[in-house]
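Dear colleague,

I am handing over the structure we spoke about, and you will find it just below.

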Amino acid sequence: MVSKEQKRAALHEKLQLLRSLTNSHALNKTSIIIDASKYIQELKQKVEELNQDLANAQTSTDQNTLPMVTVETTEKGFVINVFSAKSCPGLFVSILESFEEMSLNVLEARATCTDTFRFHAVGGKNEEEGKNIDARAVKQAIGQAIKNWSQNADQK
């Protein structure tokens with residue numbers, strides 16, 4: 001049988017884990033749970049916005065539109081999402097080349113290139129390069145890589 005102290009310690013450990021996951025600075029149980037609830041609501045809102053963006057991109061009837069790009073700044077660096085309602089052969093390589101040109105380290109990446117093109121990556125700044133890169137510059141560089149890819153694809 002588990003003692004009350006062990007249960008209390010396990011609960012405390014779980015609350016501290018929840019506190020760290022939600023970046024809460026609260027010290028008491030109630031405040032940690034309230035912060036976690038707010039964090040969940042923020043995540044739900046972001047998911048709704050992304051789903052709405054995807055739905056808008058999928059309903060687009062113009063097949064010549066370029067892939068949609070979003071870039072968000074995080075503690076690690078940047079979260080980059082690229083979406084196109086159609087398959088984009090060669091685009092993945094172009095995006096990775098733009099990362100290399102910006103000296104961004106790819107910390108995590110997922111890509112799907114079958115019927116649609118979806119690319120999600122977490123990119124970190126290369127500290128050795130000493131360059132200060134912001135989200136707007138990353139989005140512009142990826143946008144330029146997409147335009148270059150599109151022009152090359154049209155010529156073929």
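Phe 119 is buried, with a relative accessible area of 2%, whereas Phe 92 is partly exposed, at 30%; please bear in mind throughout that this is a predicted model. A search of the whole structure finds two aromatic pairs. In the pair formed by Phe 92 and Phe 119, the ring centres are 5.6 Å apart and the planes stand at 70°, which is over 60 degrees and therefore makes the pair edge-to-face. Because Phe 92 belongs to helix H3 and Phe 119 to strand E4, this pair ties together parts that are 27 residues apart in sequence. Together with Phe 99, these two residues form one aromatic cluster.

Leaving aside neighbours within four places in sequence, Val 82 is in contact with, among others, Ile 95, Phe 119 and Ile 142.

As for the largest pocket, its volume is about 780 Å³, and of the 26 residues that line it, the closest to its centre are Leu 50, Glu 72, Val 79, Asn 81 and His 120. The largest share of the lining, seven residues, comes from H2, and the lining as a whole divides into 11 nonpolar, six polar and nine charged residues.

With best wishes

How values were computed:
Residues numbered from 1 in each chain as written. Predicted model: local features only at pLDDT ≥ 70, side-chain atom pairs only at ≥ 80, totals over all residues. Heavy atoms only, no water. 1 Å grid on protein atoms, 1.4 Å probe; cavity = no way out; pocket = protein on both sides within 12 Å on 5 of 7 lines; lining within 4 Å. Points joined across faces, edges and corners; volume = space filled by probe spheres on them. Helix = DSSP H or I, 4+ residues; strand = E, 2+ residues; numbered from the N terminus. Nonpolar A, V, L, I, M, F, W, Y, C, P; charged D, E, K, R; others polar. Contact = heavy atoms within 4.5 Å. Phe/Tyr/Trp six-rings, centres within 6.5 Å; stacked < 30°, edge-to-face > 60°. Buried < 20%, exposed > 50% of the residue type's maximum accessible area, 1.4 Å probe, protein only.
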